[in-house]
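Please work through the exercises below with the structure open beside you, and try each task before you read its solution.

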Amino acid sequence: MRLFWILATALPLVLRAESEEEALFLRRIADFWQEGEYQIAKTQMEEFIVDYPQSPFADALCAALGDLFLREKNFSGALNYYSQVQSPEFIQKVFLNRMQCLYEMQWYATLADECEAYLETTPNLHVTYFLAIALYHQCINASKDTDQLLKLAERAKPYFETLYQSELAQEVAQGYAHLSCILKDYSKATEIYTDLAEKNPAMEEEMLFQVALIQSEYDKVLALGTFEKISKLGRKRAKEAAYNRMVLAFDLGRYEDIVTGDLISQIPADRAGIARLFLGRSLLQTKHYAEAAKELKAYIQTAPVSETLFAALLSLLDASYQTGDLQSLDEAIGKLALHYPQNPELPKAYFSRAQILKRNERYDEAKAELDKLIAEYPAFPQKAQVMFELTHLDFKAKNWDGCYKRGLAFLNAFAGHELSPFVWRYFVSSSSEIAMQKAEHKPQLLADLEVFLRLPLTEVEKNEWQLLQAKTHFELKQYEAAMQSLKSQDTPNAQLLLSLCYRDGYRNIEQFCKTAEEALQKGANLVDSGQIHASLYNAYLELSNMDKAAQHLYDAFMAKAELKSENILWLADHYYNQLLDEEGNFVIAARAAALYLKAKSFGAEQATCRLAKVYSILGRIDDAIALLENLSNPSQEAQLILAENYAKKGIVDQAAQIFDAIVTSCGTGRSPVAAAAALHGSRLKMAQGKPNLVEIATQLKNLVLQKNFEGEPLYLEAALDYVALAAKNDPAKKAALLQKTKEDFEQRNDLLSKDYHAAREKSPRKNITYQGYMKLIDAEIALSEAKIDRVHQKDLQAKSKTLLLQIMETPIASCLKERVQKLLADET
């Protein structure tokens, strides 16, 4: 210390003292010091400076006193004496000690100014250190986020850079890192702390922790990794690092990182509560709503009233709403109402409760909740949504009057709201339903639709509502208005409604049929298709178009429309008569079968007989037999059909007996039943081992002579069977008999023939079959002549084939078809 200067220079100083008293004073100071009386020596020095302030020895003594006070940590006393030093030599010598005093007294601004002034002339590492530290402390004491702080940091930066490159690097490293953070030079701060961690294992955890904190300011992902590293070290700050890692993961939206693993066990016990909050909110974000509610409820149970509790309650409300957990929602509502009764989130929570009730189909409770909400919070910001839900609830409950009234109230109060388009649809739909129940509401429905249709709608939707508008006009018999509404539409249903306007408004049956058929073809479903087909059936009957009428009546039948029994029988007979001409047409046969099966339930035996006939044509022989055998008192027609099916089944004797019984009862006769029995009976007899050919020929001839067109093609078949029997294998005789047969059928001289041809002209379909038989006879004549005339054989065969192919081009009876096919296969 500088007291050595006094001892070393005491005698020379005394010799140069200006007075005897001054010299004596100095000697006395030296003696006290040498004797170890330091406090007396110190007191003497203080008195000397007071008594001899201008003494040339004052600077040395002030310097010595400053050192003494500095040693005693009396920094203000030391600074007082250091400041009295005048000579440059001693000023230089006491400078660092004086700076030490300024530092200890926290006079950082003065310290910085003094050091900067010193360094302008004399570089000194220790002075640089004091300057850097002084500026650093000013930064610490300055207000955050101010220009002054940044200026101080910028001012200190170059001195820290210098020191960090010197032997004082370790002393300034942490301060330099902090300064870099202030200047947002996070990479430099990270570099410094990382370097400290590597060079000092004992400080590794703390330095890495600082690194992580700094990284969180500029790169949270990096910070996340660093905190994870600290956590895995398992040292003092491992749990705190795990907690910070959780917070960063939440800020980064890495919720999956939080929800995986046992988070609670990894963090400090005193932070377990808040950790449950983070975990709960992370589970909420990852849509694990039930688990989120569990964690949030655990946090809420012990959480004090705070903004964090409020946030937790909102998250619990959300999680509960998503899962429909009414119990958890009510728990959150209870806490919210208790601690935050005036908070605007409370009515929102009640609204969520009502929505859960609605979702759980507890509609009455939901409505009660919503009504209560409106009553208690009339200024609720989401009042429009509440009214919308009430309207929708009435709509779902089919409370059309309530829905209509609530919808009207909503539209009056919130016309421009984003939900108004939906409410409009509920409103108009309920108006439509009311109109279906109360005809007097229909004019109001038209008024509602007129306003609604002014809104922006999609083309499809607009067409649907315009169709309802037109339909309502139609129901009010306002046909012109209905057609006007349909004018801009080109949909199947609009076309169907237009057809009804033609029918009911203008009695234009032809236009009704045309338009309705086009609409049905395009898939119109405005009116039950069965009803429309039934209407078309009646329309075509009125237009005398029986085929069209039949088709629509059948379509109505297939659509399960309510039809009268007489209409079903009429249709069945229509198809049956077609089937007699086209026995190979299984489509017609199937239709006839379905219709007669339905008609059979009406108790008509004719329907049973004809159903059996159709079954026979379809090859359902056993069904036909069973149907007829069940008849208690069968008619001759029923017996005939039963015999025909016995014959097809191979039960020949029973079939023959029935055929003979019918012939005996009715004679060969002119009735179709008797004629059929005679023909089938003769054929069965021909198939026997030793038939009575004369008897068979007689029966066939009698049958031909009593021909009538109603029973055809029975008589034509009988005639051809007779020719085959009489001619045997004689082609000339066969040709002659065929020619005579044709002439007999074509002649019109007698009354029977005239009746025959008159009936033929009235039955175009059966006439086609007749013409086919005439061509068949011509073809068989040509084939017979070809066997006689070898010269023209090929021409005759070609002629026959041409005629046969012409027959096949037209719809003909199955018996004729079989004959033609056999001839084509055997003869040509």
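The exercises that follow concern salt bridges and a pocket in a predicted model.

**Exercise 1.** Work out where Glu-89 and Lys-93 lie, and decide whether Glu-89 counts as buried, partly exposed or exposed.

*Solution.* Begin with the contact itself: the side chains of Glu-89 and Lys-93 form a salt bridge, with 3.1 Å from N to O. Next, locate the two residues, which both belong to helix H6 (residues 88-104) and stand four residues apart, about one turn of the helix. Finally, turn to accessibility: Glu-89 has a relative accessibility of 48%, so Glu-89 counts as partly exposed, and Lys-93, at 38%, is partly exposed too.

**Exercise 2.** Find which helices are tied together by the pair Glu-369 and Arg-353, and classify Arg-353 as buried or exposed.

*Solution.* First, note that the side chains of Glu-369 and Arg-353 meet in a salt bridge of 2.9 Å, N to O. Because Glu-369 lies in helix H21 (residues 363-376) and Arg-353 in helix H20 (residues 345-359), the pair ties together parts that are 16 residues apart in sequence. Then apply the cut-off, by which buried means under 20% relative accessible area: Glu-369, at 12%, is buried, and Arg-353, at 19%, is buried as well.

**Exercise 3.** Determine which helix gives the largest share of the lining of the second largest pocket.

*Solution.* Start with the space in this pocket, about 510 Å³. Its lining has 18 residues, and among those closest to the centre are Lys-144 and His-178. Helix H12 (204-218) is one of the elements that give two or more residues to this lining, and the largest share, four residues, comes from H12.

Technical notes. Residues numbered from 1 in each chain as written. Predicted model: local features only at pLDDT ≥ 70, side-chain atom pairs only at ≥ 80, totals over all residues. Heavy atoms only, no water. 1 Å grid on protein atoms, 1.4 Å probe; cavity = no way out; pocket = protein on both sides within 12 Å on 5 of 7 lines; lining within 4 Å. Points joined across faces, edges and corners; volume = space filled by probe spheres on them. Salt bridge = Lys/Arg side-chain N within 4 Å of Asp/Glu carboxyl O. Buried < 20%, exposed > 50% of the residue type's maximum accessible area, 1.4 Å probe, protein only.
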